[in-house]
Amino acid sequence: MSAQALLSTVVQVVVVAAGGPLLVGVLGQTRARLEGRAGAGIGQPWRDLRKLVRRQPATPTGTGWAFRLAPLLLAATSLVLAGVVPLLTTASPLDPAADLFAVVGLLALGTVTLALAALDTGTAFGGMGASRAITILTLVEPTILVAVFALGARVGSTNLAAIVTATLHAPLRVASPASLLAAAALVIVVVAETGRLPVDNPATHLELTMIHEAMVLEYAGGDLALIEWASSVRLTVLLGLLASLFAPWGIAGANLAALPVAFGALVVKVTILGAGLGAAEVFLAKLRLFRVPELLAGSFVLALLAVTSSFFLA
Amino acid sequence: MTDTTFPLALDLSAGVFLLCAFGVLWRRQLASMVRLFGLQGAALAALIAILGLHERSVELLLVACGLGVLRAGVLPALGRRALGRGTPADARETRPVVNVAASLLAAGLLTLLAYVVTRPLVALSPSPATAVLPAAVAVVLIGFFALVTRRRALSQVVGFLLLDNGITATAFLTTAGLPLIVELGVSFDLLLVVLVLQVLATRLRSTFGSTDLDEMRELHD
Amino acid sequence: MTPVLLLAPVMLPLSAALGYALVGWRPRSTAWLGVLTTALLALDAVALAVTVTRHGPLWTPGGLLRADALSAWMLLGVATVALLACWASPGYLAAAPGSRRRTRWYGILLQLFVAAMATAVLAGNFGVLWVAIEATTIVTAFLVGHHRDRAALEAAWKYVVICSAAIAIAFLGLVLLYDAGRHAGLSTVDALDWTALTRYADHLDPAVTRIAVGLAVIGFGAKAGLIPLHAWLPDAHSQAPAPVSALMSGVLLPVAVYAVLRVKVIADPALGTGYLRTLLAVMALATLALAALLLIAQRDYKRMLAYSSMEHMGLIALAAAIGTPLAVVALLLHMAGHGLAKTVAFLSSGHILHHHGSTRTTDIRGLAGRTPLLAGLFGLAVLALLGFPPASLFASELGIARAGTAAGLGWVTAAGFALALVAFAALIVHSGRMLLGPAPHPAERPVAFPIGTALPLIAGLVAVAALGVTLGPVTGLLQAAAAAAGAP
């Protein structure tokens, strides 16, 4: 555990923490421009967070520890994810203890705490949002595991940093069928996990169509700010993971000197992905809820095909 | 074709070929199924063309062109014409016998089965062409599955055409094709079968009022 | 002379089809065109049989058409059944008139059907065989749906979809067989030719050949009405017009078995007899069980005859599974006898349908009192199907039973015949109820059944009886055909 590696990781965490809401702003601005509006600017999510922090938090009567813990736990898991997933550097000090299964577990932990908090409120919408979120989670977890496993099978390790480093050394692997299928599966998974269209509409105000928003209906003030910020960090981490797995060029090792290049590369890649996601959202309609398992089963099958082709075609 | 791009190109076209079969099971709109079938025909033609370029065979390239015209042009056009005559409510697959999510998982399992079953074939002559043979056999199995589990007449026809695409791909991947006259006979037969099915489907619609095969319950024991 | 003998069976029905296309179907004149061409076809089949027995196999230049003893035997069967069916068609269509256009199409498609089947039995390699069998599916699709009512359309749809899928599976099997042949060293042309494949049988890769043969047998077996893809058979045979049902039961099913036999000739040297023996025995017993069970509660007499066809195909598959020389001779004889008897049965059921307007067995009572000639013909045909002497089915079933016990497949054969016995009982009960007993409305006038329309049926019954009494002139041909079918 060198000092350079530690410093790189700290820089990575700070960049992601600060850049999360900015990415959401980029998404929103792309959508606005494509829809013909002027948009609120990239910094609007940060302004919203600042507004929320100044408000009074509210705790409904009858809620317990789950409701109070959820924002903190969500923020904590998001920060840990920001440190573990190779975005700027592949030499995080947390690396030996954290691999694919741990990352997936952290993602699941965040969603589960939020679902528990929604159930804790005892409202109808909270329960509905929680059940929907857990349905999606059940279908998404195996897909992430299998898809990244397909990539890791050829490397011989499920350590994300090892996979990224292997792809750096053998760039043509990205065009192999296993890689392309895993990419397709992961794109669908990222959309589902972060609650974007076509799985969930983050801008909806109709409670009966909400999934993620229904879970946080009862939050206000600083708690809500924490949850919104943590969600944006999760989005950044997942998009960054996509970029690192399939286009890792520019990522730094343990060397501090390569950090600015890595920073620039990460910003470009994640901005492109975010803008692409925003643009796609303009053209997609939200899927009816009973169609979502079909979509996720399809992505699971793509991941399954990725694993089979990585074993048989390699 | 160089030695590194040949397997890559084969893998890509075989991958698109297989994914179109999955797409047919995934989608509910009959028009999308027909479009995906057309895309699969194009992928099949590309596959044969790649084989032809690698072996520098003009005959294969001509066959690829002919096959592309038939399976990516003529047959989807026939399908669209058959669709155009129905009402908009007709344009969707009614609940299939196995629901979409389960069908997709079954298709994944069938792909694994295809890998197992084609081991002796791949072992007989290992080459980049036979390495993608499981994809072709998987499309055969998925086509048969679609044929058996769909309730609309057009979906059954698309399933049958998928079956046939898979068999053609198998033929070209194993031995670079059967004698030309057999291929011509097979393509002609396929066209005739589709025409016959189209006429029957039209008569079905005028007699039964829809092409939902569940409506046909007259003959049973 | 050779090319003429081989090309005539294909060209004659094609020219008749052309004739119908140009002139149309006139009940007094062009209706008999089909009879003329099939009579010539029968003469050609006899000439071919004689030539092949004396001089050995014949083939056209290019190898597309080829005739050995087995092909000649099959062609004889095709020709006689086609002759009977075309002879009976004018009488059938006169009783159930349709539009001019529809009868013209009937004429054209029937002749194309005969041409396709003749091509299939005279095919020189698997490619031509496959194309011909697929052509029969396409051509009979509209023949099955001739009546244009709901049931007929449903039957036609099921028929086309299931048979096309089955034939596609058989094609996959042939593709893999071609692959195995090419890797064994055969050239492009030879790898689809069964004589060349048999010569190279021990060089064929066993695993690939196993898959290929299995797929081909299942695919062609489906066209013969064997499990698992048999569901089209009862519907198609019961909804088609009677002469078409006769042709399908009497010729199409045996031609599919012929294709299986050609595959078996390659499979046995390449894989050993055990593989196909097991596969065919399983398919045969399953088909027999299904047919027997479904015959018990059958309420539609045309479906009853269709299930009886399935049962007989099961017996034929059992004989193919046994595979000894006696079994193969019995198999070929059974195909011929069943073809003739089933033709008469279907043709008479067609007339029964016209007289009574219903295909339900409960609606037909006391037929013997109302139309004694028709009832007699139907009854004799059913008795022939049940295997009563002097019909040839008695001798062939006895042959299969003896061959089965001699080959060590005693239990399997016993099970098969036990199931056939169940079917026997069901057929007797249903037919007896239809034929015997008092007529429901004794005051009604008996329905006319002119001797002219009865002639083809009488001829068929006479042929079955003759075949059962003595093989006579065809003995040599039958032995040579059994040898060509691979019996060691």
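**Helix H4 of chain B**

I started with helix H4 of chain B, residues 100–117. This is a predicted model, so I read every value here as computed from that prediction. H4(B) has 18 residues. From its first C-alpha to its last I get 25 Å, close to the 26 Å expected at 1.5 Å a residue.

Next I asked which residues of H4(B) are buried. I noted Val100(B), Ser103(B), Leu104(B), Ala107(B), Gly108(B), Leu110(B), Thr111(B), Ala114(B) and Tyr115(B). They lie on the same side of H4(B), because they cover an arc of only 160° around the axis. I then turned to the other side of H4(B), where Leu109(B) and Val116(B) are exposed.

What covers the buried residues of H4(B)? I found that the cover includes three helices of chain B: H1 (5–26), H5 (119–124) and H7 (133–149). Chain A takes part too, with its helix H11 (292–312).

**Chain C against chain B**

I moved on to the interface of chain C and chain B. Each side brings 44 residues to the contact. The area buried between the two chains is about 4,200 Å². Carbon and sulfur atoms give 77% of that area.

I count zero salt bridges between chain C and chain B. Two residue pairs are in polar contact across the interface, both at pLDDT 80 or more.

Which helices of chain C supply at least two residues each to the side that touches chain B? My list is H5 (126–144), H6 (150–183), H8 (206–223), H9 (232–239) and H12 (301–322). H6(C) gives the most, with 21 residues.

**A loop in chain A**

I then went to the loop between H7 and H8 of chain A, where Pro198(A) sits. A cis peptide bond joins Leu197(A) to Pro198(A), with omega about 0°.

Asn201(A) is also in the loop between helix H7 (177–193) and helix H8 (212–215) of chain A. What does the side chain of Asn201(A) reach at 3.1 Å? It is the backbone nitrogen of Ala203(A). Leaving out residues up to four places away in sequence, I find that Asn201(A) touches Arg31(A) and Lys286(A).

**A cis bond in chain C**

I noted a cis peptide bond between Pro389(C) and Pro390(C). Its omega is about 5°. Pro390(C) is in the loop between helix H15 (372–386) and helix H16 (392–406) of chain C.

**Two positive phi values**

I looked up Arg56(B), which is not a glycine but has a positive phi of about 55°. Arg56(B) is in the loop between helix H2 (30–55) and helix H3 (58–84) of chain B. Is Arg56(B) buried or exposed? Its relative accessibility is 71%, so Arg56(B) counts as exposed, the cut-off being over 50%.

My last entry is Arg148(C). Its phi is positive as well, near 60°, in a residue other than glycine. Arg148(C) is in the loop between H5 and H6 of chain C. I find a relative accessible area of 35%, so Arg148(C) is partly exposed.

Methods. Residues are numbered from 1 along each chain as its sequence is written. Chains are lettered from A and ligands numbered from 1 in the order in which they are written. This is a predicted model: local features need pLDDT of at least 70, side-chain atom pairs count only at pLDDT 80 or more; totals for chains, interfaces and linings use all residues. Side-chain values use heavy atoms; hydrogens and water are left out. Helices (H or I, at least four residues) and strands (E, at least two) are DSSP runs, numbered from the N terminus. The expected span of a helix is 1.5 Å times one less than its number of residues. Buried means under 20% relative accessible area, exposed over 50%, partly exposed in between (1.4 Å probe, protein chains only). The arc is that of the directions from the helix axis to the C-beta atoms. Contact means heavy atoms within 4.5 Å. A polar contact is a pair of N or O atoms within 3.5 Å; within protein, one must be able to donate a hydrogen and the other to accept it, and residues adjacent in sequence count only if both atoms are side-chain atoms. Buried area is the accessible area (1.4 Å probe) that two parts lose on being put together, summed over both. A salt bridge is a side-chain nitrogen of Lys or Arg within 4 Å of a carboxyl oxygen of Asp or Glu.
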